[in-house]
Amino acid sequence: MRMSRTVDIELTVNGESFAETVEPRLLLSDFLRETLGLTGTHVGCEHGICGACTVRVNGVSARSCLMFAVQADGATVETVESLGTVSSLHRIQEAFRKHHALQCGFCTPGFLMTVKDLLERHPLTTNADIRDGLSGNICRCTGYDHIVKAVRELANERDGVAS
Amino acid sequence: MPMNDAAFQPGPSTPVPLSEDDVLVSSRPKYVGKPVQRLEDPRLLTGAGRYVADMVINRMVHVAFLRSDQSHARILAIRTEAARAATGVIGVYTAADFSDIPPVVATSRMRNYHATSNPALAVDKVRYVGEPVAVVVAKSRYLAEDALALIEVDYEPLDAVIEPEAAAASTTALLHDQFGTNVIFERVFQTGEASQVLAAAPLSVKGRFRFHRKSPLFMENRSYLAEYDRGRDLLTLHSSTQIPGIVRDVLSSLLAMPGKVRVVAPDVGGGFGGKGSLYQEEIIVSALARKLGRPVKFVSDRMEDLASSSQGFDELVEAELGFDETGRFLALKADVLGDIGAYSIYPWTAALEPVQVVSFLPGAYKIPNYFGRVRGVATSKAPTGPYRGVGRPTSVFVLERLVDMAAHKLGMDPKDLRHRNLVGADEFPYRIGSGIIWERSGFVECLDRACEVIDYEALRQRQQAARKQGRWLGIGIATYAELTGIGSRISVAPGMPINTGNESATVRIDSTGAVTAIFGVASHGQSLETTLAQIVAEELGVRPQDVEIVHGDSAATAHGTGTYASRSAVIGGGAAILTTRALREKVKRVASHLLEASVEDIETGDGRIFVRGTDHQITFAELARAVYSDMQTLPLDKREKLEASESFDPYLGTTTTATHIALVEIDPETYGVKLQRFVVAEDCGRMINPLVVDGQVHGGVAQGIGAALLEELVFDGQGQLLTASLVDYMVPTAVEVPAIEVSHLESVLPNNPGGFRGMGEGGTIGAPAAVANAIADALAPLGIEIFELPATPERLFRLISAAGAIPGKAGAGFPSGIAQETNAMEE
Amino acid sequence: MKPAPFDYLAVTSIDEAVRALQASCDAKIIAGGQSLVPMMNFRLVQPELLVDINRIAALSQITETTGGLTIGALVRHVESQKSQLTIRHFPVIAEAMHHVAHVAIRNRGTIGGSLVHADPAAEWPLLATLLDAELEIHGPDGERRAIPAEFFLGPLVTDLQEGELLTAAHLPYLPAGAGAAFDEFAQRAGDFAIVSVGAVVALRDGVIAEARLALGGVGDTPLRAQAAETHLVGKPLSDGLLAQAATLAVEGLEPNTDLHASSEYRLHLVPILARRVLATAARRARGACE
């Protein structure tokens with residue numbers, strides 16, 4: 001069995017600096033969950049389809065199952081844990097709660113990080129735009145309707161449009 | 001999910017009278033029926049939920065399973081030496097290492113049923129691609145997977161058993177030799193003389209319908225973590241299961257550890273029935289934890305989950321409906337062949353799914369003569385098990401297609417034909433041909449409401465106008481009824497070795513005044529931590545956020561089977577009501593002493609206990625202190641135990657109904673199908689939380705849309721699963737699912753403490769049929785019917801080609817012109 | 001689904017990358033990793049060495065060069081979609097990028113990765129074929145250029161030799177009076193296309209001066225529908241002409257049957273999409289001429 005050399009990496013996750021030694025093959029998703037204990041990032045397919053593992057790398061959304069931790073050397077990573085807390089939810093989280101946009105909650109962290117990206121970088125003029133922007137995240141519980149409503153409210157708020 | 005036997009006795013059908021409380025008390029805040037924000041949300045939204053994969057225990061090791069790459073083969077040899085020597089490997093095990101664990105057998109008293117012997121790891125033979133053959137224990141999942149590649153298995157291939165009809169006919173290619181057949185059960189349901197009446201019927205329609213196999217595809221792959229306390233000989237399995245109580249019971253027996261097994265379902269990422277059965281991996285990680293004295297974790301990956309989690313549906317149905325010239329249904333006859341896969345799954349048996357197809361086939365209609373035969377045939381594919389809707393997505397698809405075909409033949413509007421035959425408001429209780437008895441529910445009301453919401457008549461006119469422009473618009477109705485919240489009278493009938501008809505609750509007030517409510521159900525997305533808290537809070541007079549709900553832990557209750565079969569609101573909620581009312585009586589008795597008032601004048605609400613019409617009041621904390629801690633205030637005989645425990649068994653079930661209407665537009669050239677609107681009108685009785693009800697309907701409909709348009713597990717002739725990734729097993733995204741318009745109505749409240757009807761599965765029951773009918777309606781001018789789901793563009797292409805309806809050349813026969821050929825990007 | 005072990009090297013220059021590729025007999029380049037990492041997670045690909053080129057800054061640029069745009073191999077799908085240069089000169093790129101998977105994938109996936117992965121149903125191989133791209137390749141023997149027809153050899157197979165690295169795609173500007181369009185048919189948003197079609201139509205005085213029609217998902221590589229192109233050139237634009245060309249687009253095609261579509265269905269879709277895309281391209285060409 002071939003063994004690879006380990007690599008030292010330094011990165012910032014949710015504002016905190018980390019210096020760790022990793023095997024090159026360690027997926028960023030596993031690094032976040034197992035090395036750092038940030039289990040809010042969920043793993044649903046490990047082939048880039050379901051979107052549950054979506055985080056933000058250097059300010060844009062990315063699948064953490066399709067990156068190796070070594071590739072994040074020097075990067076700034078944000079996970080769901082960077083949003084609000086149980087006692088003080090982030091506005092996106094509040095909107096999801098208000099509109100019942102989650103059921104089992106497994107896909108939710110990936111949706112939240114995707115929505116953060118959509119709100120920062122996409123116009124979301126129509127609900128079709130919202131659905132298109134969400135189409136890289138699979139939810140099996142909600143049928144998406146309530147998620148779309150939550151994002152519509154957030155986009156309107158961003159744009160100063162009455163809901 | 002439960003199976004139904006013929007000849008049910010009608011139960012009491014009178015609506016529950018309002019309780020004295022409801023009449024007398026208006027001051028106690030009402031939470032049931034309110035869109036209370038979910039109590040589980042803050043943790044799930046912040047990544048603070050705890051799913052099995054998130055759990056870490058000291059000295060924990062990881063496993064990976066070597067799974068069969070053959071669908072049917074004899075195991076000649078398994079060589080594990082190289083894998084044992086690999087880096088980080090702690091052990092490699094095969095069936096021989098677990099010879100002390102008996103195979104699992106899903107028994108049933110059903111006649112003509114062969115119970116398969118289901119080994120935890122394959123013994124002698126493999127029977128589907130994905131069946132666990134060996135297990136590697138290693139320091140990480142990465143290292144365990146490295147070692148898998150070093151295990152060598154010699155197989156002697158046997159004939160793959162793939163096509164259900166050929167499998168049923170074969171006496172040589174047998175999956176389980178000892179039965180002498182692949183048909184492992186057969187049942188018949190009969191009322192009247194269906195064959196004779198059909199033969200004499202003035203009109204009839206028939207078809208050969210195929211509903212293809214699905215994956216429940218919960219987002220959290222199955223995950224198990226077993227820990228063994230060697231000092232106490234206690235085994236705890238943390239499992240992504242819907243049925244911790246059932247798993248506890250069977251593991252205790254398999255591992256010969258009575259009283260020493262606890263099964264806990266922490267946060268569970270969806271189930272939809274797919275986590276509602278016992279899995280081999282649960283047995284193996286438990287046995288390994290005991291064997292190794294270390295915590296053992298298994299987290300399935302998506303590929304193995306698609307290959308090995310229980311699969312859904314998969315039936316071939318030949319059915320015929322006879323009717324007279326006025327459209328009155330006379331007789332229905334059906335022959336159902338269920339492809340059940342390799343094993344009869346525990347505890348439900350392989351009969352669960354196909355038998356429900358036959359028992360629900362007569363649907364919500366008056367059809368005086370019925371004959372339905374069902375056979376389940378074993379094939380060399382993964383076992384089937386419960387998937388949301390169980391049987392009824394297929395039965396509703398078949399029946400509702402026949403109804404639309406009949407309407408077409410009669411030249412009658414499909415809505416009117418349904419009206420003519422639905423069980424009317426004054427005709428309940430109504431016994432259908434399979435023996436199921438419908439209690440009063442809003443069959444006709446839901447049809448009317450759905451048509452009203454979508455403005456059916458206007459839509460038909462719009463369709464006519466669109467057709468003139470060459471556009472293919474289709475409107476599809478599906479009306480169905482289901483039994484939910486089913487009590488012990490029904491579920492025990494087919495002879496399953498468990499009682500699914502009962503749940504208990506314990507509600508207590510501790511010495512700080514905090515309220516805890518303990519249930520045997522196991523929420524995995526259904527919001528039970530909120531809805532059960534709403535019920536307890538309203539009944540007791542506290543706020544929902546003051547109620548801690550304990551669920552999903554076999555150690556918390558003596559008996560409880562879990563969450564499945566649209567049962568938790570009715571049965572768990574019923575137990576919550578009965579229990580909390582008993583506790584509130586105790587609270588009132590104690591308070592009457594403390595407040596020096598009569599029990600009748602004591603009221604509770606918003607966390608306070610007070611004397612009606614006065615400002616005399618105490619808090620629950622003060623009450624608790626008086627009972628538990630303060631030795632002065634209450635005499636000994638007044639210090640009641642602030643705890644109650646009751647169970648609830650609805651005995652029969654409640655009838656839930658809905659009408660779904662889908663509007664589709666099909667691209668007349670590419671045959672791409674786009675859902676334009678989807679309306680649901682449903683009667684789930686009294687809603688506990690309308691937000692949650694809407695969410696359940698939406699999610700169910702989305703799965704039904706997937707079943708109708710996209711989802712299919714495809715096997716090749718050798719039994720290889722070709723759809724083993726999410727690239728190929730396609731579930732709907734936000735783009736494929738339209739906004740879903742839900743309208744609720746309460747006809748008459750059903751006969752259970754809360755007036756609730758179960759509704760968790762309904763979306764998936766109605767949607768496939770509604771979409772299929774809409775597609776058939778869009779294609780009606782071409783004379784095309786839909787007999788097979790999913791109706792993929794490829795299948796539509798074949799149907800339209802076969803009908804000779806494809807315009808010869810591109811652009812011919814369609815309104816064309818550059819101006820109209822704009823790209824959607826520019827709109 | 002965890003990848004097999006490998007060694008990892010992050011390089012900062014093209015030369016360093018080429019040297020690293022030569023040093024191992026089983027090295028793989030990783031750029032965006034959106035196709036490679038899934039294959040590694042499935043253990044379908046198990047390289048000994050992974051050479052990470054993400055830190056070669058020079059490969060991330062979109063630049064104007066004489067006669068066209070040069071798009072660096074590391075340019076992300078989203079950048080090619082939103083760059084002012086591509087929007088001005090090749091709006092068809094944004095139109096096609098909209099169909100590439102989903103937001104997070106487009107944020108990370110690269111043009112070079114898509115071209116080298118050479119999925120015959122993917123958008124960039126089709127765009128390269130449609131836009132007569134020249135692919136810039138660096139290797140032990142220096143730099144060379146390849147045209148798509150020679151570069152794409154089969155499904156997931158290219159002309160890249162051992163030790164070679166794709167560094168950029170050069171896209172020559174479309175002729176004056178040209179319009180281009182792209183469309184595809186997939187079962188779900190973001191899925192690989194069952195059939196994809198791109199077209200360029202250039203008009204001069206109402207006559208088609210140049211026509212290109214590229215097809216994806218219907219062969220082992222993206223293809224140009226030469227019979228259709230030939231039929232169009234030199235003729236005055238009309239609906240009928242485009243429809244005739246669209247029917248010619250199937251000439252010589254032998255699409256595969258797979259899980260999601262039969263060969264026959266793909267053949268059915270080609271003229272429909274071809275007609276729609278040609279019509280859109282022609283309309284845009286007329287707009288460009290006004």
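Guide: Welcome! Please keep in mind that this is a predicted model.

Visitor: How many salt bridges are there between chain A and chain B?
Guide: Chain A brings 46 residues to this contact and chain B brings 56. One salt bridge here joins R33(A) to D54(B), with their closest N and O atoms 2.9 Å apart. The count of salt bridges between chain A and chain B is three.

Visitor: Which helix gives the largest share of the side of chain A that touches chain B?
Guide: Between these chains there are 26 residue pairs in polar contact, both residues at pLDDT 80 or more. On the side of chain A, the elements giving two or more residues are α1 (28-35), α2 (91-98), α3 (108-121), α4 (127-134) and α5 (145-159). The largest share, four residues, comes from α2(A).

Visitor: What area do chain A and chain B bury between them?
Guide: The size of an interface is often given as the accessible area lost when the parts come together. For chain A and chain B, 60% of that area is on carbon and sulfur atoms. The buried area is about 4400 Å².

Visitor: Now to chain B and chain C. Which residue of chain B meets R43(C) in a salt bridge?
Guide: Chain B and chain C have six salt bridges between them. In the one you ask about, the N to O distance is 2.8 Å. The partner of R43(C) is D146(B).

Visitor: Which elements of chain B give two or more residues to the side that touches chain C?
Guide: The contact takes 41 residues from chain B and 38 from chain C. By class, the chain B side has 18 nonpolar, ten polar and 13 charged residues. The elements that give two or more residues there are α4 (141-148) and α21 (793-802) of chain B.

Visitor: And what area is buried between chain B and chain C?
Guide: Carbon and sulfur atoms give 59% of this area. The total buried between chain B and chain C is about 3500 Å².

Visitor: Which residues of chain C does UniProt list for "domain: FAD-binding PCMH-type"?
Guide: The UniProt entry behind this annotation is unreviewed. In the model, the listed stretch of chain C is 34% helix and 26% strand, and its end C-alpha atoms are 51 Å apart. UniProt lists residues 1-176 of chain C.

Visitor: How far apart are the C-alpha centres of domain 2 and domain 3 of chain C?
Guide: Chain C is divided into domain 1 (7-52), domain 2 (57-172) and domain 3 (178-286). The C-alpha centres of domain 2 and domain 3 of chain C lie apart by 21 Å.

Visitor: Last stop: which residue forms a salt bridge with E539(B)?
Guide: A search of the whole structure finds 90 salt bridges over all chains. In this one, the closest N and O atoms are 3.0 Å apart. The pair links helix α16 (residues 528-540) of chain B to helix α17 (residues 568-595) of chain B, and its two residues are 42 residues apart. The partner of E539(B) is R581(B).

Definitions and conventions: Residues numbered from 1 in each chain as written. Chains lettered and ligands numbered in written order. Predicted model: local features only at pLDDT ≥ 70, side-chain atom pairs only at ≥ 80, totals over all residues. Heavy atoms only, no water. Contact = heavy atoms within 4.5 Å. Buried area = accessible area lost by both parts, 1.4 Å probe. Salt bridge = Lys/Arg side-chain N within 4 Å of Asp/Glu carboxyl O. Nonpolar A, V, L, I, M, F, W, Y, C, P; charged D, E, K, R; others polar. UniProt positions renumbered as here; feature names shortened; annotations may be inferred. Domains from an automatic or database assignment. Polar contact = N/O pair within 3.5 Å; in protein donor to acceptor, adjacent residues only side chain to side chain.
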